[in-house]
Amino acid sequence: MPLIQVEHVDKSFATGHGSISIMKDVSFIVKDADFLAIVGPSGCGKSTLLRLIQGLDRPTGGRIVFHDKGVDTVCGHMAMVFQNFALFPWLTVAQNVAFGLEALGWGKERIAAQVERYISVTGLDGFQEAYPRELSGGMRQRVGLARALSVEPEVLLMDEPFSALDALTAESLREEILQLWRDPALPPDAVLLVTHNIEEAIQLADRIVVLSRRPGRVLAEVTVDLPRPRDRKSTAFYDLTDKVFSLITQPGPVSEGPGTPEGAPAV
Amino acid sequence: MAIYVALPLAVVVTATISPGLSFAGIASYLPTAGVDVTYSFLRMVAAYSLSLVFALGYGYYAATRRTSERVMIPVLDILQSVPILGFFPVVIVLFLSLPGPGFLGPNLASVFLIFTSMSWNMVFGVYESLKSLPTELREASDTFGLRGLLKFRRVLFPATVNRLVYNSVLSWTGGWFFLVEAEIFTTNRSGLPGIGSYLSYAAAGGNGAEFVAGLFVLILVIVALDFVVWRPLGRRAQRYRYDQAPSGEGELVSPTYSRGRFRRAASYVTRGVRSGVSRLSTPLVQLAAIRIWPNRRPSPFRRTAISYVSVGAILVVVWLILIAMVIAVFHVYSGPIAPSVQHQILQLPEAMGASTLRVAVAYALCLAIAFPLAIHIARNRRASQYGLPTVEVIASFPATALFPAIIFVLVPYLGPDGVAILMLMTGMLWYLFFNLLSGVRSLPPDLEEAARAFGVRGRRFFRRVLFPGVFPALVTGSITAFGGGWNTLIVAEYLSVNSSHTLSVLGLGQMIDIGYVEPNGIPLMVSALLTLVATVIAINELLWKPLYRRSVERFRID
């Protein structure tokens, strides 16, 4: 029984001169305990897809089903981690983590206990009263993560969560997220990661949905059956990276627009 | 910090050492001055509270409803580019006709006036902070389902705090200027007890001690407000900025925040300049192109010429129609217009020329002072450190408070026109100075280094680097300065301290005042006001707007 079903989803935006199609006929499913990555070149609608799944935006065509029900408003059982952290600069770390809980209408003490718990889970102990401006990028993203986890979502949505961080910080945070996801005592059940970093997707995910450039379509679904912890230098890892890379950069019927994706050499 | 003590002290010291004044003499007037300043202060508080509520509501609706935005923002644009003070007499006449106790009319009128001068820049502050709230923050609040009061408390209100505080400082500075001006204006007439009328009476009686006591109390209040309210608030507001500043750089608390706030004010004004009548000229240009040159597109020069002429023509026609309507309405409802008033209405074009000339001369003098001063302060560390706070405190003091004394003391030396121009300058100088200062300061250091590396110095440096670099700031400064000038006209051209000390020079400000004072003068007052508005719009559209466009296209440094 799938957790999320994305069924033939189209999305287009109206502009001054008609409309631009962002994605066309995108379908895939997210299962319980899945770690699913969505990769694709810039502008293929990856982040838009994440917003459609949470219900921040509505698809132009097709539908998204969560637990048998169509998603038509913002879904409270999912929580998002943002690329640029989206922390409120006027709230302290603790207040930022409590942000979603307040909206749920919890009592003060219950909020405080929950905030404490997730602050320590994400390694933010001692920073409760700090303001986001005083933190490094890695610490800020931990706050973003704590805020998302504290509402105990079934699905954690992550929109390029590591791309605003330096390489070393990103690496250690990736490992931590993997551990959180594998801990049965902690939410979430499933993680949906949007990234343009193919290695990151292979390192973290069980399955990878590969999108084409605009308008985004599903080019392939790749299963990653490498044992964890995954060795980036192994041949199997390299071969998989190469496979996904050539899927994205291949010229073919899927790429309708002129030009190649930026930065991608011909394979 | 020292400046807070130094400035009031300096006033007292200079006053006590001047002949005929004693410390005890001044002190004896302090209680009455205190009472009058309290009246003024209460008016300011009332107007500010109104502005705050209005700004939050108007700004919120304009920022969140697409359809309201389309109407609300252009309306505000037009309102704020019009000289508010010119409307004061008209507003008084309207409010005086309200039922209720006699003191209500002028008080409501002055609060309303201050409100109009304060609110637009706060509305823009709210509107722009909500508009520029990063998408991710908005999404974050949506994903967690924040609604209603919680959303207002946690997201919407905090998002506006930073801009609201900065713009409030600006609003209070402008508010004092207008309040004192309004109180002076109504002295001897409908009675508006306050520091403006107090100073006016003191000057009329030739009582130096009384005047100095008033000044002292006013300075004390302004400095105390800055020290107790605005600076602490400004420091706290830093937390509410939502730019992506890397950690560590966030905690800067500059004591010299007026740079940003004047620049912002400038940007609101230029925004006003960009809208309005100019939209009308585009179809006319196209029309002319069809009629006159059926087969070819007019050259850029011709297009410009046509749009200039058509904007000018539209304004003249609209202006004539409006004045004709005013006269017709009065003719029907209050009988024929008195011959003396008729005569003065016919003088309006001449008055318009005189006022424009006066504002232009005052502008040139301000530029001659502000440009060198800005360059000196911006490029000199010590001057920046000590000179700037002094200038800031002086700039936040409403120069209008000195007008009664200026008339008393300086008319014999400068003549009426000289004094009028001097008063105009006090309403224009700071806009120009602070804009130029921010312009010189934001000149990229690498451009300067490049110039030095190539040996570009002196006049060539000014012509090739400094002037082009500062040009956009010069244009915005000029626009705001002219706005300030138009607003000051109403007291600068006609100010009656007592029967022997009255300043009156031919101009639109004078006509508005005379229309207000004279029996049956209302048609004159309204016509003069319309002429003033038409002049302001014409100069904005024909001079500042093209210059602004040019400065953006050619001189912007990214």
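How many of the five residues of strand 9 (residues 207–211) of chain A are buried? Before I reply, some housekeeping. This is a predicted model, in which local features need pLDDT of at least 70 and side-chain atom pairs count only at pLDDT 80 or more, while totals for chains, interfaces and linings use all residues. Residues are numbered from 1 along each chain as its sequence is written, with chains lettered from A and ligands numbered from 1 in the order in which they are written.

Now the reply. Four of the five residues of strand 9 of chain A are buried, so the strand is largely enclosed by the rest of the structure. Buried here is a count: 20 or more other C-beta atoms within 10 Å of the residue's own, against 12 or fewer for exposed and anything in between for partly exposed, with C-beta atoms placed from the backbone. Helices (H or I, at least four residues) and strands (E, at least two) are DSSP runs, numbered from the N terminus.

Next, the partners of that strand. Strand 3 (residues 35–39) of chain A pairs with strand 9 of chain A in the parallel sense, over four bridges. Pairing requires that DSSP finds at least two bridges between the two strands. In this pair, Ile38(A) stands opposite Val209(A). Strand 10 (residues 218–223) of chain A runs antiparallel to strand 9 of chain A, and five bridges join them. There, Val210(A) stands opposite Ala220(A).

On to the helices. Helix 2 (residues 93–103) and helix 4 (residues 137–150) of chain A pack at about 30°, with their axes 7 Å apart. The two are therefore roughly parallel to each other, a label that covers angles under 35 degrees. Residues of helix 2 of chain A that take part include Val93(A), Val97(A) and Leu101(A), and those of helix 4 of chain A include Val143(A) and Ala146(A). By class, this helix contact has six nonpolar, three polar and one charged residues. The classes are as follows: Ala, Val, Leu, Ile, Met, Phe, Trp, Tyr, Cys and Pro are nonpolar, Asp, Glu, Lys and Arg are charged, and the others, Gly among them, are polar.

Now the two chains together. 22 residues of chain A are in contact with 21 residues of chain B, contact being C-beta atoms, placed from the backbone, within 7 Å. On the chain A side, helix 2 gives the largest share, four residues. That side has 14 nonpolar, five polar and three charged residues.

One residue to look at is Trp90(A), in the loop between strand 6 (78–81) and helix 2 of chain A. Is it buried or exposed? Trp90(A) is buried, with 23 other C-beta atoms within 10 Å. Not counting residues up to four places away in sequence, Trp90(A) touches Pro158(B), Arg239(B) and Tyr240(B).

Last, chain B. Chain B has 20 helices and two strands, and 43% of its 558 residues are buried. Its strand 1 (residues 494–498) and strand 2 (residues 501–504) pair antiparallel over four bridges and form a hairpin with two residues between them. In helix 20 (residues 522–555) of chain B sits Leu542(B), which is partly exposed, with 18 other C-beta atoms within 10 Å. Leu542(B) is in contact with Tyr308(B), Val311(B) and Gly312(B), leaving aside its neighbours within four places in sequence.

Methods. Axes fitted to C-alpha atoms, helices over the stretch in contact; angles between N-to-C directions. Parallel < 35°, antiparallel > 145°, perpendicular 65-115°, else oblique. Contact = placed C-beta atoms within 7 Å.
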